[in-house]
Amino acid sequence: MNNWYRRTLVGLGILFVTFFCISIALIKPKYKYQFNPQPSELTYNLSNGERVFNASGCGSCHLDPNGSTPSLILAGGHALKTDFGTFYSPNISPHKIYGIGSWTLKNFSDAVRNGISPNKNHYFPSFPYNSYQGMSDEDLVDLYQFLMSLSPSEKRNKPHDLHFPFVLRELVGFWKHLYFYSVQNDYSKEPEGKYLVEALGHCAECHTPRTILGGLNNKRSLAGAKPIKNEGAAPNITPHKTGIGNWTIDDIINYLDTGFTPDFDSAGGHMVAVITNLSKLPKKDLVEIAKYIKSIKPVASN
Ligand code: HEC
Ligand code: HEC
């Protein structure tokens with residue numbers, strides 16, 4: 001073997017090892033958000049927990065789709081059809097075996113704000129933790145206690161049905177470097193409306209168009225997105241004239257509360273479930289959401 005050949009082989013070897021190490025480092029779960037509450041901070045308020053639950057729409061994906069009881073049973077089992085395959089929402093009822101009844105507050109914080117499971121795997125971003133990462137400590141604690149106060153369900157989780165290579169949870173580690181770590185997660189100095197829209201309400205997850213890798217295209221924030229599979233498109237809700245620029249604050253509040261548009265059309269598709277949840281919020285939250293939506297950058301529909 002001549003010298004040149006040997007050096008090339010060594011060079012390629014080093015390149016491969018470096019690439020391998022960088023990949024491992026990139027896919028490794030990284031805790032963006034640490035949760036170390038002091039015992040004195042752990043008082044909670046169940047009615048605020050219920051408010052956070054409704055503002056965040058957890059029930060839209062986790063309530064049992066065949067459940068008919070009036071009480072909230074978060075048995076999961078919703079099919080979420082996407083270009084990557086079908087996701088089935090898990091049981092997040094407080095059942096100790098089939099739900100999340102044995103989870104600590106830290107496990108819950110890691111799932112909702114870091115997208116990491118108790119056994120240190122990435123969750124898929126079909127669980128909108130990319131937005132929920134902005135949830136405040138106080139709201140997170142209240143939400144956790146509220147969920148733990150609901151009835152347990154013995155329903156077993158259905159495995160996702162995803163296309164290769166999206167079955168690999170490790171790939172989410174790369175995705176997080178592109179789209180997750182850079183997202184704002186501190187809303188303590190922001191208007192309440194921005195917090196409700198961006199963090200809890202995750203309006204962007206449906207109303208902002210996505211890149212081919214499934215990240216949000218923030219240049220066109222809330223400017224409308226194409227339908228997910230066969231469901232209806234989410235329209236432009238920026239204050240541009242091609243969006244909802246001619247809606248007043250009261251029009252927006254009324255829509256989020258009743259589902260009626262200013263021309264007495266009624267909301268359809270995925271927005272129906274969102275409105276079912278939002279209509280349960282205190283009126284002042286809807287006012288904050290509407291004021292914030294009116295204040296964002298207008299973007300023309302395309
Ligand atoms: C758009 C649908 C959707 C919404 C809204 C949603 N989730 Fe989920 N959630 C999912 C999916 C899908 C998964 C499974 C992700 C995976 O397997 O990687 C999941 C997973 C979870 C898990 C992990 C459960 C486990 O067994 O590992 C928890 C906890 C959870 N969600 C809590 C919540 C809470 C709390 C909210 C509201 C703040 C919420 N989810 C809102 C779809 C959703
Ligand atoms: C799960 C997806 C989803 C989420 C989350 C969502 N929306 Fe929507 N939204 C839709 C869809 C789909 C429509 C279209 C409804 C229709 O066709 O009647 C819509 C319609 C609307 C409209 C009416 C626009 C028009 O021109 O008729 C407004 C206003 C709106 N959404 C505001 C919001 C706000 C504010 C949030 C966050 C608090 C939000 N949406 C969260 C899917 C969503």
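I began with Gly 85 and looked up its bridge partner in strand E3, which is Leu 162. I note here that the model is a predicted one.

From that pair I went on to the strands, and found that strand E2, residues 85–88, pairs with E3 in the antiparallel sense over 2 bridges. I then asked in what order the strands of the sheet run. The sheet is open, its 3 strands stand in the order E1-E2-E3, and the pairing is antiparallel. Strand E1 (79–82) and strand E3 (161–162) are the edge strands, each of them pairing on one side only.

Next I turned to ligand 2 and counted its surroundings: 23 residues surround this ligand, and the closest are Gly 201, Cys 203, Cys 206, Gly 268 and Met 271. Two or more residues of the shell come from each of helix H9 (204–207), helix H10 (249–258), helix H11 (271–278) and helix H12 (283–295). I noted that H9 gives the largest share, 3 residues. Sorted by class, the shell around ligand 2 holds 14 nonpolar, 8 polar and 1 charged residues.

Last, I looked up the domains, which the domain assignment gives as domain 1 (30–186) and domain 2 (192–302). Their C-alpha centres lie 22 Å apart, and 19 residues of domain 1 are in contact with 23 residues of domain 2. On the side of domain 1 that touches domain 2, the elements giving two or more residues are helix H2 (46–56), helix H3 (58–62), E1, helix H5 (129–132) and helix H7 (171–179). The largest share of that side, 5 residues, comes from H2, and I recorded its residues as 9 nonpolar, 8 polar and 2 charged for the side as a whole.

Note on methods:
Residues are numbered from 1 along each chain as its sequence is written. Chains are lettered from A and ligands numbered from 1 in the order in which they are written. This is a predicted model: local features need pLDDT of at least 70, side-chain atom pairs count only at pLDDT 80 or more; totals for chains, interfaces and linings use all residues. Two strands pair if DSSP finds at least two bridges between them. Helices (H or I, at least four residues) and strands (E, at least two) are DSSP runs, numbered from the N terminus. A residue is near a molecule or strand if its C-beta atom, placed from the backbone, lies within 6 Å of it. Ala, Val, Leu, Ile, Met, Phe, Trp, Tyr, Cys and Pro count as nonpolar, Asp, Glu, Lys and Arg as charged, and the others, Gly among them, as polar. Domain bounds come from an automatic or database domain assignment. Two residues are in contact if their C-beta atoms, placed from the backbone, lie within 7 Å.
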